[in-house]
Amino acid sequence: MRHPGRDPHGAGRSAGALRAIATTTNRDGHGGAAGRQIEKPQGLIDVKERNPAARSALRLAGAVASVLVVACPAAAETLESALSRAYQANPALNAARANLRATDEDVNRFQAGYRPNAAISADIGVQQFQGSISGAQINGRRGLTVPGGAGLTVNQNLFDGFQTDNRVRAAESTVLGTREGLRQTEMNTLFNAAQSYMNVLSDTATLELQRNNVEVLEEQLRQTRDRFNVGEVTRTDVAQAEARLAGARSQVSAAEAALRASIGIFRQIIGVEPRQLAPGRPLDRYVPASLDQAILIGLKEHPQILASLHAVDVAELQVKVAEGALYPQAQVTGAVQQRYDQQFPGDNGVTASIVGRVNIPLYQGGGEYAAIRQAKENVGRARLIADQDRDTIRASIVRTWGNLEASKAQVIASQAQVQANEVALNGVREEARVGQRTTLDVLNAQQELLSARVALIRAQRDRVVNSYDVVQAVGRLTVRFTSLPVTPYSAREHLDQVRDLWFGVRTPDGR
């Protein structure tokens with residue numbers, strides 16, 4: 001496997017827009033390493049060659065070249081295209097679509113109660129006869145006959161206590177609830193895809209920061225050893241630089257493992273390996289203007305709440321289905337039969353009948369009453385679940401809104417922290433140059449700057465992910481609402497194709 005951070009065609013190049021964040025600089029001089037930074041288009045830039053305007057520009061590089069605002073390369077995979085891939089090919093989402101198509105068939109299955117039942121029957125056997133039959137020419141004889149026949153029976157339900165009506169309506173409500181469940185799965189899939197996309201970007205940038213830190217610390221250790229050899233520092237300074245370098249190498253290993261895990265999750269959710277990932281952007285244009293508005297939208301539109309309301313409808317209809325067992329049942333049966341050799345050879349005949357039946361239940365052991373009471377309790381349970389889902393969604397909206405606001409503030413604070421740490425590191429190096437600071441002071445200042453840059457990358461990643469989380473929490477992270485460049489799946493089309501089919505075993509797609 002190619003190294004994920006160095007493969008020119010792999011995920012390591014996906015954070016090109018993040019490399020400006022991953023810049024670690026050092027200055028030549030007393031207690032410092034050679035000035036350098038990673039992979040800038042202009043080549044290696046020494047800090048001593050920078051003027052104040054250039055330093056100010058570099059301080060803004062984390063914001064200008066971050067995951068939030070950089071223009072996408074023409075051949076890069078964008079966040080929108082990755083979401084479109086997940087929408088089309090994610091196995092969990094496709095399984096939910098298949099589940100909805102299977103649920104659609106319940107409508108047709110219960111509509112069968114409106115339709116006649118027809119059956120053809122046939123029989124044949126052997127019969128021994130003995131004696132005489134008046135009018136027949138078998139007086140005093142015995143023998144065997146082979147009686148048989150065939151018939152057609154048609155049974156039509158006339159009234160079943162409205163059970164068929166209510167079963168069909170319950171099935172339709174179940175389909176509507178399942179559609180909302182599919183929409184919930186769609187939102188989860190798109191959010192997971194956005195999260196995995198941003199994780200690959202941020203983990204790649206973090207890995208490059210950690211690798212650059214190792215290179216800087218190696219140069220720091222080399223210079224510290226040189227100064228130790230001429231007596232400027234002690235063995236303690238060398239040991240401190242060695243310890244910091246060993247820790248940095250450990251952080252590189254941890255960052256590589258985190259990136260590999262993110263790449264694996266990316267492949268699981270989106271279906272392809274990450275290649276040339278372009279910067280991601282927050283979904284702010286679909287975030288409601290205020291928390292109150294977000295709550296109102298979520299309580300009205302979130303699929304989890306709508307699905308629970310459809311479940312209440314289903315439970316209420318199941319009560320009516322159970323009550324139908326107490327009503328009279330009426331049906332009509334028509335039959336026609338052709339019989340051969342019924343009692344003796346040649347005894348053939350045709351019979352036809354139409355019979356109407358009415359069954360009025362009086363008492364059946366009490367089971368039907370228990371079923372009605374049970375169905376009513378299920379209605380109460382479904383209503384309580386709907387109330388619980390409303391509270392859950394409201395809490396989720398408040399949580400995600402707070403996270404989004406916090407991530408916005410964290411980006412600003414992290415940028416200020418990076419700028420302040422850059423100034424502090426330069427000052428510590430200047431002071432170490434004249435003997436007012438130790439090697440440990442320089443190493444600590446460098447570590448603080450590294451931590452600040454890693455925190456900035458994480459804050460920018462959270463800024464994008466939390467915007468998607470808010471849109472998901474209000475129930476609008478769908479292809480139709482966000483206008484992703486992909487053809488939306490029609491949940492209604494399959495039901496329209498199968499609900500009035502009287503026969504046939506092939507599915508609409510030909511299986």
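Rings of Phe, Tyr and Trp (its six-membered ring) pair if their centres lie within 6.5 Å; planes under 30 degrees apart count as stacked, over 60 as edge-to-face and the rest as tilted. This is a predicted model, so local features need pLDDT of at least 70 and side-chain atom pairs pLDDT 80 or more, while totals for chains, interfaces and linings use all residues. Residues are numbered from 1 along each chain as its sequence is written, and side-chain values use heavy atoms, with hydrogens and water left out.

**Exercise 1. Find the ring pairs.**

Step 1: count them; the structure holds four aromatic pairs.

Step 2: pick out Y197 and F266, whose ring centres are 6.3 Å apart with 40 degrees between the planes, which makes the pair tilted. Y197 sits in helix α5 (residues 163-229) and F266 in helix α6 (residues 235-270), so this pair ties together parts 69 residues apart in sequence. (Helices are DSSP runs of H or I, at least four residues, and strands are runs of E, at least two, numbered from the N terminus.)

Step 3: check burial, where buried means under 20% relative accessible area, exposed over 50% and partly exposed in between, with a 1.4 Å probe and protein chains only. Y197 counts as buried at 0%, and F266 is buried at 0% too.

Step 4: look for a cluster; ring pairs link F159, F162 and Y327.

**Exercise 2. Work out which face of α7 is buried.**

Step 1: list the buried residues of α7 (residues 291-301): A294, I295, I297 and G298.

Step 2: look down the axis. The buried residues fall within an arc of 165 degrees, so they line one face of the helix; the arc is taken from the directions from the helix axis to the C-beta atoms.

Step 3: recall the geometry. An α-helix has 3.6 residues a turn, so residues three or four places apart point the same way.

Step 4: turn to the face away from the buried side, where D292, L296 and K300 are exposed.

Step 5: find the partners. The buried residues of α7 pack against α8 (303-323) and α9 (367-433), with contact meaning heavy atoms within 4.5 Å.

**Exercise 3. Sum up the whole chain.**

Step 1: tally the secondary structure, which comes to twelve helices and six strands.

Step 2: get the buried share: 45% of the 511 residues.

Step 3: sort the contacts. Among those between residues at least 6 apart in sequence, 79% join residues at least 24 apart.
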